[in-house]
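Subject: Structure handover

Hello,

Here is the structure I said I would pass on. Please open it first and then read the notes below it.

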Amino acid sequence: MASPNSSDTSPPPAPRQARRLTLNIAMLAWLGIVLLCTIFLASPGAGDAFFAAGTVVERTLTAGLLACVWCAGAIGLGILASPLWRGVQSVVARRALCAGCGIAMGLWLAHGMGVLGLLGRWVSWIPTIAGLLLLIGAARSSGTFQARPRLSWLVLVTAPAIAVLMVAASNPPGGLWTSEAGGYDVLSYHLQGPKEWLSDGRIVPLEHNVYTFLPAYVEAAYTQLGAMLGVGSDPSLGAGSGDAVYAAQFLHVLLAVLTAWMIGCFVRTAMHETEDDPRSTIVGILVLALCLGVPWLVVTGSMAYNEMGVLLTFACALIAARADGITPLARGALVGALIGVACSAKPTALFMAAPGAGVALLASLPPRRWLVAIGAGVVAGLCALAPWLVRNVAASGNPVFPEMSSVFGLGHWTSEQATRWASGHHLDLTVGARLGRLFDPSFGVVHPQWSIFFGVVLVAAITTLILPRTRRAGSILSITLLLQVFAWLTIGHLQSRFLVPAIVPGAALVGIALHAAPVGPVFRSAAALVGAIALFLSGHTIWLFLGESGGRPNLLLLPGVAGLNGEQLRGSAIDLAEAHSVIAVNLGLPEDAVVYLLGDAAALYFDREPPGLIVHSTWDASPLGTRLRDADGDLDAAMDALQRDLEVTHVLINPAELARLHDSGWYDPDVTIVEAEALVRRYGYIHVEPGGVRVLIALDPADESQP
């Protein structure tokens with residue numbers, strides 16, 4: 001027996017092994033909770049809980065895997081920009097900058113390749129493969145990407161929100177989220193544009209869809225995913241089993257998760273964390289959970305939208321503005337390029353992200369270096385925007401079409417169309433009415449899909465402004481938030497969804513207030529409170545999700561894209577009289593039929609594309625309206641011209657949507673429900689969708705091959 005004074009020569013505990021064991025156990029527990037939540041969330045409206053959950057897991061592992069590969073390749077590309085932050089000592093900041101800049105480069109390259117017509121299946125893989133090789137090389141040689149298993153059990157708090165995102169993204173566009181009209185924007189342009197671009201073999205503005213004149217860098221990534229899967233004109237993006245549709249949705253989910261992680265990285269960077277600070281990992285996880293719990297982030301993040309491209313690059317721009325060790329020239333270039341890509345994801349970033357990033361940039365530099373940083377930022381931002389500006393000039397003569405038409409010209413539009421666009425996107429309201437909308441549950445910060453988020457942010461902002469240690473960072477973020485609210489009140493159409501970029505400074509304020517709590521009981525209490533808030537937000541999101549479609553949110557989960565476009569029924573004996581109009585058109589009409597959608601622009605699931613499908617956005621010229629004006633209002637002459645000029649054989653009318661758009665003043669004023677009813681009286685109908693939502697007419701009465 002060793003004497004009491006003898007030295008203990010036994011090896012000390014291995015902290016790295018203990019941390020790795022904790023990591024493994026925590027991740028297994030996390031996966032278990034995600035699976036249980038998925039089973040619970042996938043069953044309402046879908047029937048068998050385990051079969052529905054299996055469908056979610058299958059789509060996550062297939063479409064989600066492709067999205068993961070794209071993101072990993074894009075992050076690898078960010079390594080090419082690492083010399084710009086060579087002096088940054090924080091590992092967290094370096095990782096975040098690499099990820100954010102890499103995603104920005106991936107979006108920029110996807111758009112550029114599309115514009116150049118490089119959408120072949122194997123060519124589309126080149127940037128991703130190159131990025132993956134760079135990432136693998138960096139993981140072997142650089143400490144920045146070496147695994148450091150540091151995890152708190154608080155990661156379990158993120159599981160419910162992750163499960164909601166997975167289940168929602170596994171549902172096809174068209175059913176979920178009443179606030180987004182069941183994904184109407186996805187069906188009409190976020191994925192309809194990529195569908196037509198894949199068919200054309202390049203990204204090009206389409207005169208019948210004004211939204212394709214927007215920069216659409218995120219939609220370009222969706223196009224690239226489709227090309228990587230080999231999607232072309234046969235089958236089209238919304239045809240077949242819909243793998244590319246799910247991949248696009250899961251890519252947006254991943255951008256949402258990366259955004260939440262990026263905001264946590266900003267908090268840790270802004271608070272000048274040290275690697276041994278026990279609060280850092282906890283703060284990062286809680287900020288992640290808080291962001292993912294916000295219902296609006298789940299709603300927009302689970303759809304093939306473009307908001308997360310804005311939030312991710314905006315959050316990364318704040319890190320670039322704040323991180324120590326970056327020269328003024330490089331700092332300005334990074335912030336400018338990231339905000340340029342944010343504006344290229346969604347132009348509203350020009351007033352919802354750029355001002356806040358500018359404030360953060362100037363606050364990080366002495367005034368004598370402002371000119372250098374601003375100059376570098378302007379040049380880098382213009383380089384990020386240049387591909388979009390150039391293609392718009394080539395297509396319309398207006399670099400920012402359809403905006404600023406009074407300065408740069410109307411392009412192919414008429415002044416009447418420009419007026420309609422302005423009326424729908426720039427509301428003419430009094431100051432009082434605008435302020436009222438800010439606190440209107442249907443439009444502003446108290447919308448149910450914000451839950452208690454803004455109330456929590458207000459408390460956090462006051463806290464950061466009171467505490468000396470957080471006053472500087474809190475002031476910058478509070479100013480950013482106020483600038484966003486001011487921009488929302490004065491520009492645009494005052495919809496609650498357009499406040500989503502406020503999640504970045506808002507969640508960061510909460511994280512900074514938490515990080516300022518002293519180590520010990522105070523911090524533990526504050527962390528528990530933030531964790532409870534994150535769980536409450538996730539619970540509210542789940543409650544909203546379960547209330548969709550009258551309590552049956554997963555009605556379309558099992559049928560999926562293949563059920564909506566008729567692929568599941570192809571070759572089977574079906575009663576087309578009882579079918580959805582899309583299936584009636586896809587399976588019941590001849591392949592050479594030319595179908596004109598009247599009053600409807602949701603064309604994703606139709607298995608034909610222009611010229612076999614005549615469709616236009618609300619704001620674009622109506623083929624019927626144009627010919628009615630040419631024929632002095634003579635409907636018969638206008639229809640004869642449609643048949644002669646466009647070879648239209650069938651018209652699919654959506655009476656309710658036509659009436660709604662006409663009453664709003666957004667649609668062609670010469671095309672009304674009166675003309676639609678007259679068409680039905682003249683030609684009769686060959687198909688009425690159950691519920692009378694759409695009516696299909698044949699212009700050739702001799703054609704008996706109709707459904």
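Gly563 lies in helix H24, which covers residues 560-564; helices here are DSSP runs of H or I with at least four residues, strands are runs of E with at least two, and both are numbered from the N terminus. Gly563 counts as buried because its relative accessible area is 17%; buried means under 20%, exposed over 50%, and partly exposed in between, with a 1.4 Å probe and protein chains only. Setting aside neighbours within four places in sequence, Gly563 is in contact with Gln568 and Ile583, where contact means heavy atoms within 4.5 Å. The C-alpha atoms of Gly563 and Leu438 are 40 Å apart, and 125 residues separate the two along the chain.

Some notes on how to read this. The model is predicted, so local features need pLDDT of at least 70 and side-chain atom pairs count only at pLDDT 80 or more, while totals for chains, interfaces and linings use all residues. Residues are numbered from 1 along each chain as its sequence is written, and side-chain values use heavy atoms, with hydrogens and water left out.

Now the chain as a whole. It has 29 helices and 5 strands. A compact globule of 707 residues would have a radius of gyration near 27 Å, and the chain agrees because its own value is 27 Å; the radius is taken over C-alpha atoms, and the globule rule is 2.2 Å times the number of residues to the power 0.38. The C-alpha trace spans about 105 × 60 × 50 Å along its principal axes. Of the 707 residues, 57% count as buried. Among contacts with a separation of 6 or more, 75% are between residues 24 or more positions apart.

Next, the cysteines. How many disulfides are there? The count is 0, taking a disulfide as a pair of cysteine sulfur atoms within 2.5 Å. Cys98 is in no disulfide, and the nearest cysteine sulfur, that of Cys101, is 7.8 Å away. Cys98 is buried, with a relative accessible area of 3%. For Cys265, the closest cysteine sulfur is in Cys316, at 9.3 Å, which is too far for a bond. Cys265 is also buried, at 2% relative accessible area.

Last, Leu116. Is Leu116 buried or exposed? Leu116 counts as exposed because its relative accessibility is 65%. Leu116 lies in the loop between helix H3 (91-115) and helix H4 (126-141).

Regards
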